[in-house]
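Here are some notes to read alongside the structure, meant for someone opening it for the first time. Have the view ready and follow the points in order.

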Amino acid sequence: MDPTNRGPQDFGPQDFGHDEDRSDAPGGAPQRPPRDAITPDFGSPVPARTVQLVSGDFLLTVNPVDGSEIEPCPPLELPPRPVKFTLAERTDLARAAKPPVPPGPEQPRRVLLERQEERERLVRLLARGRSVRLTGPSGAGRTALLDTVAEDCLDLAPDGVIRINGHKRGSADLLFDLYAAVYKSPLHRPDRGHVLDLVRDIGAVVVVDDLEFGGSALDEFLEATPECAFVLAATPDIPAPSADSHVEEVFLGGLSRSAGLELLERAVGRALTDDEAGWAGDLWFESEGLPLRFVQAGALLRQRDLLRADPAAFDEYGYYADAPVDAPFDAEDGHDVPLPTLAEGAAPARLLASRLSESARTTLKFAVALGGEVPHQAHLPALVGDTHADAALGELAAVALVTPVGSRWRLAAGVQAQLLVAGYAESPEERAELAHTAAQHYSWWAGHPSVTPERAAAEAEAALAAIGVLLGASDAGRSAAAVLLARTVAPAYAAGLDWGAWERALRSGQEAARLAGEVAEEAYFHHELGILALLGGQLDRARAELEASIGLRGALADKRGTVAGRRALALVADRSGGVLHGGRTPAGEEVPDARYEESASPPGGVPAALALPGPPAPEPPTLITRQPAPPPGGQRTRTGGAGRAVLSGTRRNLVAAGAGALLAAVLGTVVTLGATSNDDDPSNRVRPNQTAIEEGDGDGLPADQPNKGGEESTDSTKRPTDPGKDGVVGTSDDPTPPASSDEPSDKPSGSDKPTNKPTKSSSPSKSPTPTPTPTPTPTPTPTPTPTPTPTPTTEEPPPSTTDSASAPVTSQPASSPATSMSSSVTSSSSAADVI
């Protein structure tokens with residue numbers, strides 16, 4: 001049997017073998033020819049089915065393997081504005097939205113009794129554009145009245161009559177169902193704003209059965225469609241709309257006693273006897289005149305007539321045997337069957353089910369275990385294990401144990417409770433076993449390549465009910481079956497644009513994966529929930545779900561899943577603006593708390609060697625003058641220019657200047673001691689660009705050899721000797737140092753006389769105005785031959801001894817540290833001279 005395409009069993013009783021000649025069976029018992037057994041191939045590999053659709057301005061790729069991928073939809077791939085269905089297309093859609101016709105003999109059409117007044121009032125209010133709320137208990141005949149009213153209002157609105165079902169549907173789901181019933185948009189689900197804009201143009205009579213919400217949610221739903229007139233059928237326990245909604249209220253009660261007797265006669269197909277009429281009167285009082293109870297009571301009387309004709313009428317497959325039921329039989333024939341008791345007439349489910357076939361009773365057990373949801377008749381042979389089990393739905397419909405709900409069937413009002421009392425799947429273990437069987441079947445069926453997403457979404461309630469039952473089971477194996485089913489059906493519901501069922505499947509699957517300990521599947525459900533929240537505009541929720549998914553997948557080293565999650569998280573950050581919540585980048589890395597337009601300087605200033613290279617800026621003309629040395633013991637005279645700017649600057653500049661002066665003084669002392677030393681052994685001399693490391697033989701701390709092979713020097717204190725023609729170190733006119741050996745020279749590189757050129761740091765300063773050296777440097781410093789290509793290094797700056805934090809640089813961040821360094825080095829030269 002094709003698990004996807006509907007066959008004749010959905011549209012009529014033909015081709016089911018019920019009219020075949022079965023008199024050749026042994027003993028005259030009617031037998032039906034067996035069908036080919038259904039053996040689902042659970043081991044065959046099934047390719048992954050990906051679907052690409054558009055939601056709002058997002059392009060969503062439903063990927064059942066690694067998780068859905070979402071990105072902004074390219075402008076050329078955005079679908080055009082949806083157009084409305086034609087009249088012929090709306091008719092076909094309305095026919096397909098009806099529940100499948102049960103197999104078996106054609107059921108008589110049920111007529112309305114004592115509903116003419118309500119019917120005329122509803123049509124009159126709808127013709128005036130008013131909305132009506134039809135309230136009545138379950139079993140009062142609300143669905144039958146809505147069918148008649150819908151036929152009377154076909155020509156009232158330009159878009160005709162639209163029928164939708166509100167069972168387990170919220171306001172957002174019903175709003176999209178209304179949109180999908182009028183507009184043609186394959187693989188396109190507009191966002192809420194676009195849907196609200198489109199439904200405002202709908203002018204139709206909307207019939208909503210089994211409504212499950214009211215109050216403000218109902219008010220918003222009605223305000224979104226100002227051109228529609230609604231008939232809202234609900235039970236009395238559903239909240240009523242607000243007083244400002246201007247919705248008329250029509251209450252639907254039970255039938256009168258005479259109407260009940262007439263309905264019972266129509267259900268039996270003959271006139272009632274006096275005993276049956278008296279029994280029907282007591283039943284009317286007990287059931288408060290609900291039409292459903294009289295229809296079920298008529299089924300009890302039909303079964304009684306069959307038993308009076310043949311006590312073996314309800315043996316295996318005997319339900320479809322021909323038996324005369326035109327008139328009651330006399331008691332003298334020896335086959336008298338007593339009337340059902342009043343309790344059996346008020347709660348007839350147990351007695352009615354006991355006279356059905358084994359397949360029908362098993363179907364009732366599955367329905368009880370699934371919370372009242374009856375699987376589609378195409379699934380019954382695989383679930384029940386009987387190739388003819390699809391006929392069980394016809395048996396259940398004939399005795400009014402099931403009722404249509406939208407495009408599917410459910411147990412009628414009160415039947416589930418009556419069957420539980422009768423022992424149908426009464427224990428939790430039995431219900432879990434039946435749900436486990438249903439979950440295995442739906443997992444295979446929903447993942448089959450021939451099953452369309454729309455067909456899978458039509459069976460969402462039964463599959464989701466199976467997941468809910470398995471979640472309550474104590475066995476860990478049940479949770480694993482629930483994870484497999486949710487993992488299979490969730491992508492199908494997403495591709496079928498049923499996002500209400502998609503969210504329920506994801507949440508149930510995430511809980512099942514947590515109970516089963518399947519971390520990879522739990523990460524998948526978190527990822528999908530984040531995608532769904534992003535599509536709905538819930539950015540905080542999407543961020544939380546995606547971060548949870550990335551964390552779990554990172555622990556599992558799932559690179560592909562992690563990449564998909566980070567891409568979605570980056571899109572969340574883009575929509576929310578800036579860094580993600582919690583101080584993280586879209587890729588998941590932490591960022592510092594303080595964020596400035598410019599980086600803050602360290603307490604000791606930024607050495608010129610650490611300055612990042614940047615584009616050359618035009619330097620203004622600079623006047624370099626030689627400052628006279630201060631007299632011994634006298635105070636240094638403050639001058640203007642850069643030095644004055646450093647001394648009179650901010651507190652940060654003063655701290656930086658002091659730290660630089662201390663560092664330069666220490667370095668000058670070391671250089672002076674090295675120049676005046678008479679030690680002829682260069683191995684015991686610590687040179688400025690070397691690091692002291694103790695040898696393993698304990699001979700002391702010989703100096704390391706300098707870098708060879710053109711490597712960059714890591715000493716930030718080495719100073720070049722020739723600044724070039726412009727007097728500024730680090731410019732393009734500086735001469736290239738000649739290559740020489742790594743051994744130190746015997747003579748100091750500097751002369752005993754003060755130099756006329758300022759001493760600069762080893763790295764070029766980016767300041768447009770370099771500060772001249774205020775004092776000459778009389779002390780000769782032994783300088784080793786530099787490497788051929790001196791390059792600024794990234795050595796860490798010396799630590800500062802101050803506790804004050806330096807503020808961000810507001811203008812020319814490299815100029816102030818460089819200026820401070822120049823002044824500090826000059827001051828250290830004077831200190832070295834004194835030493």
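1. One term first: a contact here means heavy atoms within 4.5 Å. Leaving aside neighbours within four places in sequence, Thr488 is in contact with Ser443, Ala446 and Gly447. Thr488 lies in helix 19, residues 476-495. Is Thr488 buried or exposed? With a relative accessible area of 18%, Thr488 is buried; the cut-off for that label is under 20%.

2. Now the overall picture. Keep in mind that this is a predicted model. The protein has 26 helices and 14 strands. Of its 835 residues, 44% are buried. Looking at contacts with a separation of 6 or more, 72% are between residues 24 or more positions apart.

3. Five of its five residues are buried, so strand 9 is largely enclosed by the rest of the structure. In a regular strand, side chains alternate between the two faces of the sheet. Which residues sit on each side of strand 9? Val205, Val207 and Asp209 are on one side, Val206 and Val208 are on the other, and both faces are covered.

4. Strand 9 also has partners to look at. Strand 6 (residues 161-165) pairs with strand 9 in the parallel sense, over five bridges, and Val161 stands opposite Val205 there. Strand 10 (residues 229-234) pairs with strand 9 in the parallel sense too, over four bridges. In that pairing, Val207 stands opposite Val231.

5. Another sheet is open, with four strands in the order 3-2-1-8 and mixed pairing. Its edge strands are strand 3 and strand 8 (188-189), each pairing on one side only. Strand 1 (residues 51-55) runs parallel to strand 8, and two bridges join them. Look for Val54, whose bridge partner in strand 8 is His188. Helix 23 packs on this sheet, touching strand 2 and strand 3, and its direction makes about 35 degrees with that of strand 3.

6. Helix 23 deserves a paragraph of its own. This helix covers residues 559-576, and its 18 residues reach 25 Å from first C-alpha to last, close to the 26 Å expected at 1.5 Å a residue. Which residue caps its N-terminal end? Asp558 does, with a side-chain oxygen 3.2 Å from the backbone nitrogen of Gly561. After the helix comes Gly577, with a positive phi near 90 degrees.

7. Several residues of helix 23 are buried, among them Gly561, Ala564, Gly565, Ala568 and Leu569. What do the buried residues of helix 23 pack against? They pack against strand 2 (58-62), strand 3 (69-72), helix 21 (519-535) and helix 22 (539-555).

8. Next comes an open sheet of three strands, in the order 12-14-13 with antiparallel pairing. Strand 12 (373-374) and strand 13 (402-405) are at the edges with a single partner strand each, so one side of each is left without a neighbour in the sheet. Strand 13 and strand 14 (residues 408-411) pair in the antiparallel sense over four bridges. Within that pair, Thr403 stands opposite Arg410.

9. Glu373 belongs to strand 12 and counts as buried at 1% relative accessibility. Which side chains does the side chain of Glu373 make polar contacts with? One is that of Arg408, at 3.2 Å, and another is that of Arg410, at 2.7 Å. Beyond its neighbours within four places in sequence, Glu373 has contacts that include His167, Lys168, Trp409 and Glu461.

10. Finish with helix 15 (residues 415-422), whose buried residues are Val415, Gln418 and Leu419. Seen down the helix axis, those buried residues fall within an arc of 95 degrees, so they line one face of helix 15. On the other side, Ala417 and Val421 are exposed. The buried residues pack against several elements, including helix 9 (291-309), helix 12 (358-369) and strand 14. Just after helix 15, Gly423 takes a positive phi of about 100 degrees.

How values were computed. Residues numbered from 1 in each chain as written. Predicted model: local features only at pLDDT ≥ 70, side-chain atom pairs only at ≥ 80, totals over all residues. Heavy atoms only, no water. Pairing = 2+ DSSP bridges. Buried < 20%, exposed > 50% of the residue type's maximum accessible area, 1.4 Å probe, protein only. Arc of directions from axis to C-beta. Expected span 1.5 Å × (residues − 1). Polar contact = N/O pair within 3.5 Å; in protein donor to acceptor, adjacent residues only side chain to side chain. Axes fitted to C-alpha atoms, helices over the stretch in contact; angles between N-to-C directions.
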